Amino acid sequence: MAQVLGIDIGGSGIKGALVDTKSGELANERIRIPTPQPATPDSVAATVRQLVSEHDYSGPVGCCFPTIVVDGHAKSASNMGEEWRDLAVDKTFSEATGLPFTVLNDADAAGMAEMRLGAGTGLNGVVITITVGTGIGSALFYRGQLIPNLELGHMAGKGGISIEKWASDRARKEEGLSWEEWGARFDAFLSRAARVCTPDHFILGGGVSKKYDYFREVLTVATPIHVARFRNEAGIIGAAMAAMDDD
Ligand code: BGC
């Protein structure tokens, strides 16, 4: 089956589309439903069910989730909340919809889409994809192979707090930073990541990648940076690919 439903769960929106997993193209208009607040397992599962029925879909579903994910279980609370920690996210959504779910970390999904069909095609060695949004997601690839759950956004920053609290797009917006001011913070993040992981390439995704020209001048990190191809759809596409791999 080439068309698979991909779902991207985020802190503010839950997005889904049918994905042609061979080309990475969306086969229909993406549907976005605001994430219910509070985002409990019950309320999010109900939204996932709604997305599935709005697509009139049955078949395997790929779903990316903004926490550490091991064997379909959330292993951190991150920006979702404590109720999710240790929960079998795949089972929760399968029970809500009656469909098989493959669940993986959102940045890992976005990275997979880029490596297979986007800006990472043909890149070898160590590649790190970075997705900047509410948090900072990261995915690590060696010779095209995903090493899951790299959490560079949780390297300690000033005062020991996660560096993403200071260098994410949320920090830029909440603190009213100019692109140059935020870019200097992001540069510190990238430089630290480069020092720790020695990547051959970075791929930059998420909303800020569309504004790369606004801050590229302030970046000093030596590692080559490539702008992601799929931008906001990368998570949906990579999640669908992961479901396809499992099928
Ligand atoms: C989470 C990551 C996630 C990233 C982007 C971070 O807070 O710890 O698992 O990939 O946000 O959503």
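The lining of the second largest pocket is made up of seven nonpolar, five polar and four charged residues. This pocket belongs to a predicted model, and its volume is about 240 Å³. Of the 16 residues that line the second largest pocket, Val-69, Asp-71, Val-103, Leu-104 and Pro-148 are the closest to its centre.

**Second largest pocket**

- Strand S5 (69–70), S7 and strand S10 (145–147) each supply at least two residues of its lining.
- Which strand gives the largest share of this lining? Strand S7 does, with five residues.

**Largest pocket**

- The volume of the largest pocket is about 930 Å³.
- Its lining counts 42 residues, and the closest to the centre are Asp-106, Val-132, Gly-133, Thr-134 and Gly-135.
- Two or more lining residues come from each of S1, S2, helix H3 (106–117), strand S8 (126–132), strand S9 (136–142), helix H5 (169–174) and helix H8 (234–246).
- The largest share of the lining, four residues, is supplied by H5.
- Sorted by class, the lining of the largest pocket holds 10 nonpolar, 20 polar and 12 charged residues.

**Cavity**

- Rolling a probe the size of a water molecule over the atoms shows where empty space is left.
- The count of cavities of 30 Å³ or more comes to one.
- The largest cavity has a volume of about 70 Å³.
- Thirteen is the number of residues lining the largest cavity, and Ala-110, Glu-114, Thr-131, Gly-205 and Ala-228 lie nearest its centre.
- H3, S8 and strand S11 (201–206) each give at least two residues to this lining, and S11 gives the most, with four.
- The lining of the largest cavity divides into six nonpolar, five polar and two charged residues.

**Helix H1**

- Helix H1 covers residues 41–54, and its 14 residues should span 20 Å at 1.5 Å a residue.
- The buried residues of H1 are Pro-41, Val-44, Ala-45, Thr-47, Val-48, Leu-51 and Val-52. Seen down the axis of H1, the buried residues fall within an arc of 160°, so they line one face of the helix.
- Asp-42 and Ser-53 are exposed on the other side of H1.
- What do the buried residues of H1 pack against? They pack against strand S1 (3–9), strand S2 (13–20), strand S3 (31–34), helix H2 (89–97) and strand S7 (101–105).

**Buried residues in strands**

- Asp-8 is found in strand S1. Is Asp-8 buried or exposed? Asp-8 has a relative accessible area of 11%; the cut-off for buried is under 20%, so Asp-8 is buried.
- Leaving out residues up to four places away in sequence, Asp-8 touches Gly-13, Ile-14, Lys-15, Cys-64, Asp-106, Gly-235 and Ile-236.
- Phe-141 is found in strand S9 and counts as buried at 1% relative accessibility.
- With residues up to four places away in sequence not counted, Phe-141 touches Asp-108, Gly-111, Met-112, Met-115, Gly-125, Val-126, Val-127, Thr-129 and Leu-146.
- One of these contacts, Gly-125, is 16 residues from Phe-141 in sequence and 7.8 Å from Phe-141 in space, C-alpha to C-alpha.

**Backbone details in loops**

- Gln-37 and Pro-38 are joined by a cis peptide bond, with omega about -5°. Pro-38 is placed in the loop between S3 and H1.
- Asp-56 is not a glycine, although its phi is positive, about 50°.
- Asp-56 has a relative accessible area of 72%; exposed means over 50%, so Asp-56 is exposed.
- Arg-143 lies in the loop between S9 and S10. Phi of Arg-143 is near 50°, a positive value in a residue other than glycine.
- At 61% relative accessibility, Arg-143 also counts as exposed.

Key. Residues are numbered from 1 along each chain as its sequence is written. This is a predicted model: local features need pLDDT of at least 70, side-chain atom pairs count only at pLDDT 80 or more; totals for chains, interfaces and linings use all residues. Side-chain values use heavy atoms; hydrogens and water are left out. The expected span of a helix is 1.5 Å times one less than its number of residues. Buried means under 20% relative accessible area, exposed over 50%, partly exposed in between (1.4 Å probe, protein chains only). The arc is that of the directions from the helix axis to the C-beta atoms. Contact means heavy atoms within 4.5 Å. On a 1 Å grid over the protein atoms alone, a cavity is a set of points where a 1.4 Å probe fits but cannot get out, and a pocket is an open set with protein on both sides within 12 Å along at least five of seven lines; lining residues have an atom within 4 Å of a point. Grid points are joined across faces, edges and corners, and a volume is the space filled by probe spheres set on the points. Ala, Val, Leu, Ile, Met, Phe, Trp, Tyr, Cys and Pro count as nonpolar, Asp, Glu, Lys and Arg as charged, and the others, Gly among them, as polar.
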